[in-house]
Amino acid sequence: MADKKAVVVGGLGVIGRNLINTLNKDPAWDVVGLSRRVPDFKSDAEFISVDLLNRQDAEQKLAGLTDVTHIFYAAFQGRPVWAEHNAPNLAMLVNAVEPIEAASPGLRHVNLVQGNKIYGSHLGPFKTPAREDDPPHMLPNFYWDQQTWLAAQQNGKSWAWSALRPQTVCGFAVGNPMNITTAICAYAAISKELGLPLRFPGKPGAYTAVYQVADAEILNKAMLWCADSDAAANEVFNITNSDFFRWSNVWPRFAKFFDLEVGDVQTISLTDFMADKGPLWASMVKKYGLQDIAWEDLVAWPFADYVFGTDWDVMTDTLKIRQAGFHDSVRSEEMFLRLFQEFRDMKVIP
Ligand SMILES: NC(=O)c1ccc[n+]([C@@H]2O[C@H](COP(=O)([O-])OP(=O)(O)OC[C@H]3O[C@@H](n4cnc5c(N)ncnc54)[C@H](OP(=O)(O)O)[C@@H]3O)[C@@H](O)[C@H]2O)c1
């Protein structure tokens, strides 16, 4: 019988969806997912459709959650302007945690997923490898506001909090704004259909800069480790696959997987050049018997442009979480190839 109950806030996202699938396999956990949409996949989890930007809706829908032991917070609201992220993302955290905390006296842990943007990884070159005790970039930064609020909210309570800082999370989800793996897969499939080699579509400097990513599976394991580890109580940790790579080193392996020649770097805006590929994708869905996922839901191209435009090193120091006791790792190249095969098996790509 389950002795722990998790609420996964943002249960349809690239992080939350994969965490729900992992928790469902473990009889020790009961699972509740929160999102506005209903899930597009089969799940043993209970799903509550709630708009966390609406306090009244959150209070009404979450009041019945009286036996929650763990909150895993991985919801996100994107905004076109950086400074506009703070208000909605802080409000969603507050509107999720406060009603659940009030209803569930047995709450033990709240884990918050942040990201490397707290160090300014999105702004341009920053101090690398970044460490957890490095100061944030000049505020505003919504992760900083969320962490500050959560630490203050926990002060003097019996539960603990933790925060994890991954970079570019890799896993499956649809309709989400940040997913580099589906972007690479769809770009490669379109290139192949058009008889093109697999050109790197980003900036020349991004092809050779040092980069890092976080497998959703590793991140999920780290979230679960945080949830039950004394060493994680009220602490912040960087988390990645633990290796570094350059796109120039892994791109030939990607080309081989998709049975394509490796092309040169040719910088294009994927947002612009993929805008007219919906009808081509629809024809490929029919031709190859793929899942009928709407082109707009399959990939959010601005995120791919951002990742492939990062022509500076992105490196965080992950010693802190290792020294505290979390040791899982995966070679990023192997992770990408595993995910590409999974997406092919799921008939997401040809
Ligand atoms: N993806 C990455 O590569 C990456 C990398 C580093 C850090 N992070 C951070 O990790 C966190 C989670 O990101 P993610 O990429 O997993 O997000 P995501 O895939 O966009 O998922 C966001 C989740 O939040 C839910 N949500 C959004 N607005 C909501 C609302 N008003 N009420 C209830 N639920 C709402 C969404 O479901 P509905 O739309 O159905 O409501 C979805 O389930 C963010 O802080 C992000 O910055 C992500």
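From which domains does the shell around the ligand draw at least three residues each? In this predicted model, the shell takes at least three residues from domain 1 (4-169 + 214-239) and at least three from domain 2 (173-212 + 244-315 + 328-345). The shell comprises 30 residues, of which Gly10, Gly13, Arg37, Gly115 and Asn176 come nearest to the ligand. Sorted by class, the residues around the ligand are 17 nonpolar, 10 polar and three charged.

The two domains that supply this shell are also the parts into which the protein as a whole is divided, namely domain 1 (4-169 + 214-239) and domain 2 (173-212 + 244-315 + 328-345). Their centres, taken over C-alpha atoms, are separated by 27 Å. The contact between the domains involves 17 residues of domain 1 and 16 residues of domain 2. On the side of domain 1 that touches domain 2, five residues are nonpolar, eight are polar and four are charged.

With regard to overall architecture, the protein contains 14 helices and 11 strands. Its radius of gyration is 20 Å, close to the 20 Å that the globule rule gives for 350 residues, and the protein is therefore as compact as a globular protein of that length. Along the principal axes, the C-alpha atoms fill a box of roughly 60 × 45 × 35 Å. Of the 350 residues, 44% are buried. When contacts with a separation of 6 or more are considered, 81% of them are accounted for by residues 24 or more positions apart.

Leaving aside residues up to four places away in sequence, tyrosine 73 touches Val9, Leu93, Ala96, Val110, Asn111, Leu112 and Val113.

The buried positions are Gly16, Arg17, Asn18, Leu19, Ile20, Asn21 and Leu23.

Most residues other than glycine have a negative phi, and most peptide bonds are trans. Against this background, the peptide bond from threonine 128 to proline 129 is cis, with omega near -15°, and the peptide bond from leucine 139 to proline 140 is cis, with omega near 20°. Proline 129 lies in the loop between strand E5 (109-113) and helix H4 (142-154), and proline 140 is likewise placed in the loop between E5 and H4.

A positive phi is found at serine 242, a residue other than glycine, where the value is near 95°. Serine 242 belongs to the loop between strand E10 (235-239) and helix H8 (247-257), and because 19 C-beta neighbours lie inside 10 Å, serine 242 counts as partly exposed. Lysine 347, again a residue other than glycine, also has a positive phi, with a value near 60°. Lysine 347 occurs in the segment after helix H14 (332-345) and, because 14 C-beta neighbours lie inside 10 Å, lysine 347 counts as partly exposed.

A further position considered is alanine 87, which is located in helix H3 (residues 86-103). With 15 other C-beta atoms within 10 Å, alanine 87 is partly exposed. Alanine 87 and asparagine 54 are 33 residues apart in sequence, and their C-alpha atoms are 13 Å apart in space.

Notes:
Residues numbered from 1 in each chain as written. Predicted model: local features only at pLDDT ≥ 70, side-chain atom pairs only at ≥ 80, totals over all residues. Near = placed C-beta within 6 Å. Nonpolar A, V, L, I, M, F, W, Y, C, P; charged D, E, K, R; others polar. Domains from an automatic or database assignment. Contact = placed C-beta atoms within 7 Å. Buried ≥ 20, exposed ≤ 12 C-beta atoms within 10 Å, placed from the backbone. Helix = DSSP H or I, 4+ residues; strand = E, 2+ residues; numbered from the N terminus. Rg over C-alpha atoms; globule rule 2.2 N^0.38 Å.
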